[in-house]
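I opened my notebook beside the model and went through it one spot at a time. Here is what I looked up, in the order I looked.

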Amino acid sequence: MITPLTTLLSNGMTLDQINTALGLPAGTDVTSLDPARAIGGEYQRLDLFRKTLAIQQILQKTAETLANVAGAGASAVMPVIYSEVATAVAAQLRTNPALLSGNTIDTAALTSLVNAAATRVAASTALSVSIRAGLSGVNPASLAQVIAGALKVQTDRILLSTNAQLVTTTTIAQSDTRIADFALQNKGALSAPPSGTITTLAADIASTVSGGVAPPPAPPPPGNGTLIVSFDETVLPNLGAFGDSAPSIATPPAGGTGAALKLDRSGTQNFGGTFFNVASPIPFAANRKTVTARVYSTRANAVVYLKVEAAGGVATEVAATTGAANTWQTLTWVLSSVNPASSYSTVVFSADTDVVGSGAQTYWVDEVTLADAPVSTTCATTNEQCISFSESTVAALGFEGLLSATVVNDPVAGAANKVLRLFKGPSGQPWAGATVYTMGTVNPDPAVRSVLTIDTVGLNTSKIITVRSYSGAPVGTKITLKLENGIDPGQNIAAETVTTVQNAWETLTFDFSSLSTGVFSSSVIYNTASIFPAFSIPGAIVPLTADTNFYFDDLKYAVAVAAAPPPPPPAPPPPPPTTGTVLLNFDDLLPVNAFGGEGGDGSGVNAAPPAGSGSTGSAYEVLRSGGQPYALAILETPIPLTSNRKTISARVYSPTAGIPMVIKLEGASPSINTGEVQATEAVVQGWQTLTWTFASGGTATYTKFVLLPNLGTVDAPPGKSYFFDDFKLLDATGGGGGGGGGFTGDFALDYTGDLFTANAKTSSGGDFGFFFDPRLTAAQSYEYAGVAGAAQDPGGVHNFYYGKGLTGMPITDAYLGAFVKAPNNGTVNVSAYTNLKVRVWGPDQLFRAGTFPALTVVLQGPPVAGCGSNSGASEISRTFNTITQGAASEYTLPLNSFTMKFSCNGQTIAQVLQSISQFNILLEGTNIQYVNDQPGNAYGNGLNIGPIKFQ
């Protein structure tokens with residue numbers, strides 16, 4: 001009987017309770033099984049041995065952690081702590097024995113076990129006061145949450161390990177002290193109850209131990225080279241000797257595998273070695289002349305010679321030097337002078353020739369291998385977008401049980417080439433895979449989706465995507481590539497192909513004109529890519545049956561051509577004049593200071609800009625290479641905007657047409673700024689003159705140009721250069737910059753017509769009405785919704801009312817709201833304004849007891865074909881709390897406080913403000929349920945909305 005089960009039985013568990021906890025058949029008598037036969041078969045047939053070791057891991061690591069946190073360490077009190085932990089675990093399992101879910105540990109059950117153990121140990125009178133005091137400040141629930149995830153990683157590795165890996169996996173897990181060390185290091189944080197901080201700590205330690213308890217790394221794929229001799233062959237080489245050597249084949253020192261060549265030298269002569277023939281000639285080729293071997297030497301810096309010989313006296317000899325003594329290392333010999341046409345069948349090893357005073361030494365040689373031909377990346381020879389995984393900006397995030405997703409050395413070419421390795425096992429989901437990204441960061445909160453993107457895939461240009469692939473999986477293994485919209489993952493398509501070789505590199509082609517899932521839309525932005533190795537869904541060609549490494553490199557695709565900028569607002573101001581005040585020309589008018597950042601670090605004045613009809617003399621070069629989508633350069637110089645001079649022109653060179661060319665002006669601090677303004681003109685390839693009108697400028701002192709060419713994308717290394725010259729503040733005549741379209745800035749809600757018909761209009765001719773979550777109707781939980789009569793706000797302006805009574809809020813993310821369209825149902829340019837003002841109030845009951853509801857304002861642009869937002873348009877939003885009850889209150893919302901809710905075709909906030917078509921205001925969640933004024937009375941909540949203005 002194995003010790004952990006004995007401990008549980010002695011603490012009151014019955015045999016059937018143990019069987020239930022371990023997923024064994026009822027009636028199994030675990031006490032009659034012989035531990036000595038555990039590895040031999042009996043325990044494996046019942047799978048008891050693995051599960052027993054998992055129980056042992058839980059008990060041992062929980063006890064170690066509590067001892068460490070209490071300050072007991074490895075003291076003699078450990079057996080007492082272990083006993084108390086076992087008692088608590090037994091009690092928990094008697095109450096809730098469902099510890100395993102399938103072949104893995106149930107996280108919730110494990111968390112409960114640790115919580116119970118921590119609580120019991122902290123209160124145990126069998127322990128000294130000092131030990132209990134050491135645990136008194138730790139919150140058991142927080143401790144359990146932090147270490148349960150890491151314990152699950154360790155125990156699941158034991159439960160899912162193969163027979164051959166079981167002993168090694170368990171040994172690694174039991175000797176791993178990182179959980180206990182981590183708990184002690186973060187003891188202060190563990191004093192608080194569970195929170196977001198505790199969730200982050202749990203994720204940190206779980207990810208840290210995930211590699212530490214895994215089975216030993218699988219040997220390199222067979223494609224690492226051609227094995228010449230391993231000294232484990234059935235027919236061993238016949239060793240010859242020369243000099244003072246005594247060669248043999250024997251069991252090597254620790255770290256070696258199987259048998260190895262042992263070369264003893266007595267030191268009586270100044271040379272000595274061995275020679276032998278190999279079974280087949282070494283398959284040298286013009287690009288395969290490198291031999292490797294694992295070598296062990298009792299002397300540091302030993303020089304080991306490798307010679308290969310062919311018939312007729314053809315021979316080549318090369319030396320390689322070891323490092324430290326008495327350690328295994330891999331040596332490399334580059335035999336550049338071998339002739340692939342010759343048949344090399346004799347191998348000679350010698351060591352430390354002519355080394356004086358070396359004395360008796362021993363050298364070991366094993367796994368002599370001819371390396372494969374090097375594979376070089378093809379990214380350097382393509383005009384397409386190409387991710388080679390050697391870029392510092394590239395990463396991958398695994399999902400759905402993928403064992404790991406990391407960038408590693410090429411299994412064939414070694415450190416000369418970086419590739420993406422996806423390590424997948426049958427224990428994960430059949431659709432486990434990884435998202436490749438160059439932009440975005442992984443959110444540590446697993447409940448919050450990480451938005452991870454690449455440069456937009458140009459499927460409108462080419463529907464072919466290729467990627468190089470290497471794995472030991474069987475020929476015919478299915479590989480799937482999925483493309484999504486980074487903001488709306490519901491917009492996705494996938495294509496698939498199968499491998500055609502094993503243990504060799506090949507190029508896989510994914511044809512997105514023939515989709516495996518989804519429907520292609522030419523208007524969708526596809527900027528998220530995920531790879532699914534061995535996509536073993538029902539009907540898959542080859543399901544995965546064992547842990548397997550998949551390697552990928554050189555993901556190549558056409559880059560999307562930037563969408564044309566949005567149409568200009570109605571009745572744009574006339575073009576600005578061409579005369580004005582030159583601010584910078586980079587010849588005799590230079591910036592006070594200039595620098596780049598966020599990927600624009602190589603920017604600076606260039607004395608030889610591209611030739612053409614634009615710049616003369618020097619120009620300022622913005623070099624964007626990797627970094628952030630907002631890679632930039634900043635030029636410091638006085639910028640004397642006035643109320644009637646707000647337009648700036650510059651000569652600009654762009655290597656790409658159709659991109660956003662954006663500038664922002666800033667003052668002494670970044671908070672003083674005009675916002676991002678895109679050039680009025682469409683950008684062409686080459687030189688042109690562009691203009692920017694800073695409608696919100698003129699009220700502050702600006703001292704910096706912030707140059708943001710191609711804003712919203714990353715120019716992959718080696719990058720692209722954009723040139724700026726002759727910045728000019730244009731004269732006032734025709735300088736423009738007003739609100740646009742004659743808009744007075746008022747979305748007035750003074751109605752005309754019958755409010756209960758579709759003919760209701762605001763005083764400025766825009767439609768208005770209400771909307772609500774359709775699920776509320778389906779749930780039959782609403783009472784009414786509608787427009788009130790001729791109510792007026794204190795200023796005498798008619799207003800709009802909507803309301804809804806709900807009972808119990810069965811749908812906690814429901815919403816209801818009102819919309820007001822722009823004057824005459826058109827669009828207005830509000831970019832010249834600073835604030836949005838809206839008057840709102842509601843029933844007194846809605847605002848009682850300080851429970852002021854939060855409201856969300858959404859401004860949306862005109863609909864865009866194929867846009868994936870709920871409205872089909874770009875949207876910006878701002879949420880604010882209503883802090884005044886009863887009578888009408890006016891709220892001022894700075895326009896620069898709005899954030900992007902949804903962007904169509906990469907539109908910015910500044911672009912949305914240039915063309916607003918609709919104002920929305922929403923009550924969400926529990927804000928819209930009934931309010932109880934007094935027993936028996938309930939009020940449906942709603943809002944009155946007064947005038948809406950931009951100022």
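**Entry 1: a strand in the middle**

I began with V436, which stands opposite A529 in β23. I am working from a predicted model, where local features need pLDDT of at least 70, side-chain atom pairs count only at pLDDT 80 or more, and totals for chains, interfaces and linings use all residues. Residues are numbered from 1 along each chain as its sequence is written, and side-chain values use heavy atoms, with hydrogens and water left out.

For the element names, I noted that helices (H or I, at least four residues) and strands (E, at least two) are DSSP runs numbered from the N terminus. Two strands pair if DSSP finds at least two bridges between them. β18 and strand β23 (residues 528-533) pair in the antiparallel sense over three bridges. I also found five bridges joining β18 to strand β15 (residues 395-399), again antiparallel. A395 has Y437 as its bridge partner in β18.

Is β18 enclosed, or open to the outside? I checked burial, where buried means under 20% relative accessible area, exposed over 50%, and partly exposed in between (1.4 Å probe, protein chains only). Five of the five residues of β18 (residues 433-437) are buried, so the strand is largely enclosed by the rest of the structure. I reminded myself that side chains in a regular strand alternate between the two faces of the sheet. In β18 both faces are covered, with G433, T435 and Y437 buried on one side and A434 and V436 on the other.

**Entry 2: the nonpolar cores**

Next I looked for nonpolar cores, meaning sets of buried Ala, Val, Leu, Ile, Met, Phe, Trp, Tyr and Cys residues joined through side-chain atoms within 4.5 Å. The largest has 50 residues, and L66, I81, V85, L99, L143 and V146 touch the most other members. Elements giving two or more residues to this core include α4 (48-70), α5 (78-95), α6 and α8 (140-160). The largest share, nine residues, comes from α4.

I then followed V146, counting a contact as heavy atoms within 4.5 Å. Not counting residues up to four places away in sequence, V146 touches F182, L190, I198, L201, A202 and I205.

**Entry 3: helix α6**

How many residues does α6 have? I counted 17 in this helix (residues 107-123), which reaches 25 Å from its first C-alpha to its last, close to the 24 Å expected at 1.5 Å a residue. The expected span is 1.5 Å times one less than the number of residues.

An α-helix has 3.6 residues a turn, so residues three or four places apart point the same way. With that in mind, I listed the buried residues of α6, among them L110, L113, A117 and V121. At the start of α6, a side-chain oxygen of D106 reaches to within 3.2 Å of the backbone nitrogen of A108.

Most residues other than glycine have a negative phi, and most peptide bonds are trans. I went looking for exceptions. E598 has a phi near 60 degrees, a positive value in a residue other than glycine. E598 sits in the loop between β26 (593-597) and β27 (604-606), and counts as partly exposed at 41% relative accessibility.

N710 also has a positive phi, about 55 degrees, although it is not a glycine. N710 counts as buried, at 7% relative accessibility. I found N710 in the loop between β34 and β35. P718 is found in the loop between β34 (702-709) and β35 (720-730). A cis peptide bond joins P717 and P718, with omega about 10 degrees.

C867 and C904 form it, their sulfur atoms 1.8 Å apart. C867 lies in the loop between β40 (854-860) and β41 (875-881) and C904 in the loop between β43 (899-902) and α13 (909-913), so the pair ties together parts that are 37 residues apart in sequence. I noted that both C867 and C904 are buried. The link is left-handed, with -80 degrees about the S-S bond.

Terms used: Polar contact = N/O pair within 3.5 Å; in protein donor to acceptor, adjacent residues only side chain to side chain. Disulfide = S-S within 2.5 Å.
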